[in-house]
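Dear colleague,

I am handing over the structure below, together with some notes on what turned up when I went through it. Please read the notes with the structure open beside them.

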Amino acid sequence: MAIRVLIADDQEMVRAGFRAIIDAQPDMEVVADAPDGVIAVSEARRLKPDVCLFDIRMPRLDGLEATRTLLAGGNGTGPRIVVVTTFDTDEYVYGALRSGATGFLLKDSGPTLLVEAVRAAASGESLISPSVTVRLLERLTDPVPEGPKATHVLTERELDVVELVARGKTNAEIAETLFVSVSTVKTHLEAVRAKLGVRNRVGIAAWAWEHGVVG
């Protein structure tokens with residue numbers, strides 16, 4: 001079954017470009033595109049796409065609010081949302097990740113990363129533009145001044161996994177690095193997610209940077 005994608009961006013050329021890339025994939029189809037956040041939310045609720053690509057700066061309702069609106073109270077049943085933005089001019093991405101977005105890309109990341117991000121989101125993974133993973137988290141994440149130490153919250157092996165997640169590694173890469181199976185990595189991530197009370201691996205990465213797991 002094809003991955004059903006909704007695109008929301010106020011620039012018609014961006015929407016057309018993304019549509020052309022995605023519709024060219026044998027396992028994907030664009031079910032709708034929207035010029036603003038209000039229409040995006042309405043169409044997402046009506047069509048129930050697997051993945052939404054949201055710009056942040058849109059008329060009427062921006063990508064942050066659209067993300068929060070769609071995912072609020074959804075218990076993980078809403079669409080996977082990938083934020084597509086311009087890093088140098090838009091620092092709202094961190095808020096989007098906290099709101100439950102699965103990942104984000106730069107608008108100039110290219111078609112290969114766009115397609116990979118859609119596939120990753122559909123399978124419950126996240127993809128963050130490699131060129132900005134560390135830069136974004138260092139720049140946007142403030143260390144937690146007080147509170148329990150990371151070692152008091154997670155086990156040593158869980159911290160190993162979390163550090164690699166924060167560095168943008170996939171489950172397969174983490175498994176190879178730690179000499180464990182992918183299923184073991186997934187088990188650790190589920191335990192970590194439950195302990196930290198975050199939605200996904202992006203939230204795990206943000207927590208890692210806040211608590212000094214990655215330096």
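UniProt, in an unreviewed entry, lists Asp55 under "modified residue: 4-aspartylphosphate". Please bear in mind that the model is a predicted one, with a mean pLDDT of 83 for the protein and 82% of its residues at 70 or more. Confidence is highest in strand 1 (residues 3-8), at a mean of 97, and lowest in helix 6 (residues 133-140), at 59.

To stay with the annotated position, Asp55 lies in the loop between strand 3 and helix 3, and it counts as buried because its relative accessibility is 6%, under the cut-off of 20%. Setting aside neighbours within four places in sequence, Asp55 is in contact with Ala8, Asp9, Asp10, Gly63, Val84, Thr85 and Lys107.

The other region I looked at is helix 2, which spans residues 37-47 and includes Glu43. At its start, a side-chain oxygen of Asp36 comes to within 3.0 Å of the backbone nitrogen of Val38, while just after the helix Lys48 adopts a positive phi of about 50 degrees. The buried residues of helix 2 are Gly37, Ala40, Val41, Glu43, Ala44 and Leu47, and they are covered by elements including strand 1, strand 2 (28-34), strand 3 (51-54) and helix 3 (63-71).

Why does Glu43 count as buried? Its relative accessibility is 17%, which is under the 20% cut-off. When residues up to four places away in sequence are not counted, Glu43 touches Leu6, Ala32 and Lys48.

With best regards

Definitions and conventions:
Residues are numbered from 1 along each chain as its sequence is written. This is a predicted model: local features need pLDDT of at least 70, side-chain atom pairs count only at pLDDT 80 or more; totals for chains, interfaces and linings use all residues. Side-chain values use heavy atoms; hydrogens and water are left out. Helices (H or I, at least four residues) and strands (E, at least two) are DSSP runs, numbered from the N terminus. Buried means under 20% relative accessible area, exposed over 50%, partly exposed in between (1.4 Å probe, protein chains only). Contact means heavy atoms within 4.5 Å. pLDDT is the predictor's confidence in each residue, from 0 to 100. A polar contact is a pair of N or O atoms within 3.5 Å; within protein, one must be able to donate a hydrogen and the other to accept it, and residues adjacent in sequence count only if both atoms are side-chain atoms. UniProt positions are given in the numbering used here, feature names are shortened, and annotations may be inferred rather than shown by experiment.
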